[in-house]
Amino acid sequence: MSGCLRSIADVTSHFNKLNLVATKFHSLAPNKSPKLLASKPPEGASNFSSTSASQHIMKLTRMRVVDNSALGKAAQVAGKPPRVIHVYKKTGIGHTGDKVLLAIRGQKTRGYIVGCKGKRHYPMKPRFDTNNVVLVDDNGNPLGTRIKVPIGSHLRANEGDFTKLLAIATKFV
Amino acid sequence: MSLKTFSKLAAFRRFPACTTSIPCRFSNTLSKEIVEKHRKSGLNRDQEEIEEYKGPIDATREYKHVMPEFLPSSTWYFRDRLKDKLERYDMVKRRSQIDIPEFYVGSIMSVTVSDPHAPGKQNRFVGLCIQREETGLRARFTLRNVIDGQGIEIQYDMYNPTLQKIEVLKLEKRVDDDLLYLRDCPQEYSTVPFDMEPVPLAKGAPVPVYTKMIPLNPLPWERRWNIKQYKGVTIPELSKRREKRAAKYLKTLEPRKHDIMEDYRKSIPEEMEEEVYRTVHEASKKYPKATPSKLTGKGK
């Protein structure tokens, strides 16, 4: 840990030095604005692009918490949505109704996927604009008391712990 | 086994089942040429006698736009005369059971589906039709709506027997063939109230076209909408690099505009269209409910 911190400190000090040089350069030649001065990323943050976004739900996919639990709300306020760190499935690719392990606010919590974008559109089943998840504790009881968005009607066929989520759902499509 | 019969058998075995040079997608189907050859050969006892139709053909043009799924697929290797014909009969039969109204991409619709898990054994969804694709019994359409700030799309198979009712609440057209870009537009443009009452259209009036331009949200998008050449959407200013990339892609499409062969493969000849809709028209006489009912006002 200390090594890591030292390296970050090194990087920041190095960056500060560079910035100092840049400010000096800027004071000498104000017409030429060095890029290093720009501490913020440019507007429309994705001006650069890497590979196209994957539509799958797998490890490190960011999810949206759609229940009214305090934990989910805190993560949303902090602007750090939870990430999937495991999908309880052989294939490793989650779909609606699957159980996942999430990293949220520095802790591990389980959750159920209740709606996803999906790579392909299955007929007669809803496709959502976001990847939605509902948080549950280790016993399978939901952390919140209400699901704020509609969920697919086909989920009502599920049995076991999933019925606890159906009880707190408000709308079905 | 004598040598003679053996050689005959060998010749039989060597007889090619599929003599076409076209890459065959499905190996278990015979090529069209072989089927045609045997259909015309004198050995065929059940030879079809197609009578030439001489009477007037009414409402063919209208059918083409109202029920485009009756036409063969625009992908040439999916076409199969016999399969298409059998599917068409099934579609007309299904249309005699359920009223599939006239609708277009941009119309507001409601669909009722039988749902074994729902309390009333029914599930109703209202939304804007954003896509209409595929032909034959595989024809399907997609409805989009925003409920509680959550964008939802449901794709329906048009000839699925679990569909109970299809209603058109507002008959309207758009300038684009599909409205998938609404996923990255402000939500107000794809929000439809569930308790919407049907908007009547005067009898015989043309279908209204929605011509307003819809603004697109800033980046990031789900797809690169700027290269799709949509007419009904305003694209915000992009970086030079993105515009350059789009221009580079669009340049690759230019030679394909002059590709006559591609046009020929995609298009369906007028004679075939007329033949298709004539048979549909005749079949729909047998099943009077099969023709789509237009959304018409009672007063005018």
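Author: Read along the sequence, chain A follows the pattern α-β-α-β-β-β-β-β-α. That amounts to three helices and six strands, where helices (H or I, at least four residues) and strands (E, at least two) are DSSP runs, numbered from the N terminus. The model is predicted: local features need pLDDT of at least 70, side-chain atom pairs count only at pLDDT 80 or more, and totals for chains, interfaces and linings use all residues. Residues are numbered from 1 along each chain as its sequence is written, while chains are lettered from A and ligands numbered from 1 in the order in which they are written.

Of the 173 residues in chain A, 27% are buried. A residue is buried if 20 or more other C-beta atoms lie within 10 Å of its own, exposed if 12 or fewer, and partly exposed in between, with C-beta atoms placed from the backbone. Among contacts in chain A between residues at least 6 apart in sequence, those that join residues at least 24 apart make up 46%. Two residues are in contact if their C-beta atoms, placed from the backbone, lie within 7 Å.

The meeting place of the chains comes next. Chain A gives 18 residues to the contact and chain B gives 23 residues. On the side of chain A that touches chain B there are eight nonpolar, five polar and five charged residues. In this grouping Ala, Val, Leu, Ile, Met, Phe, Trp, Tyr, Cys and Pro count as nonpolar, Asp, Glu, Lys and Arg as charged, and the others, Gly among them, as polar. Two strands pair if DSSP finds at least two bridges between them. Within this pairing, A:Pro126 stands opposite B:Ile154 of E4(B). For the complex, the predictor gives an ipTM of 0.75 and a pTM of 0.75.

The loop between strand E3 (140–147) and E4 of chain B holds B:Asp148. This residue is not a glycine, yet its phi is positive, at about 55 degrees. B:Asp148 is exposed, with 12 other C-beta atoms within 10 Å. Another loop of chain B, between strand E8 (214–215) and strand E9 (233–234), contains B:Pro220. A cis peptide bond links B:Leu219 to B:Pro220, with omega about 5 degrees. B:Gln229 also lies in the loop between E8 and E9 of chain B. Its phi is positive, near 60 degrees, in a residue other than glycine. B:Gln229 counts as exposed, having 10 C-beta neighbours inside 10 Å.

Where pLDDT is low, the predicted coordinates should not be read in detail.
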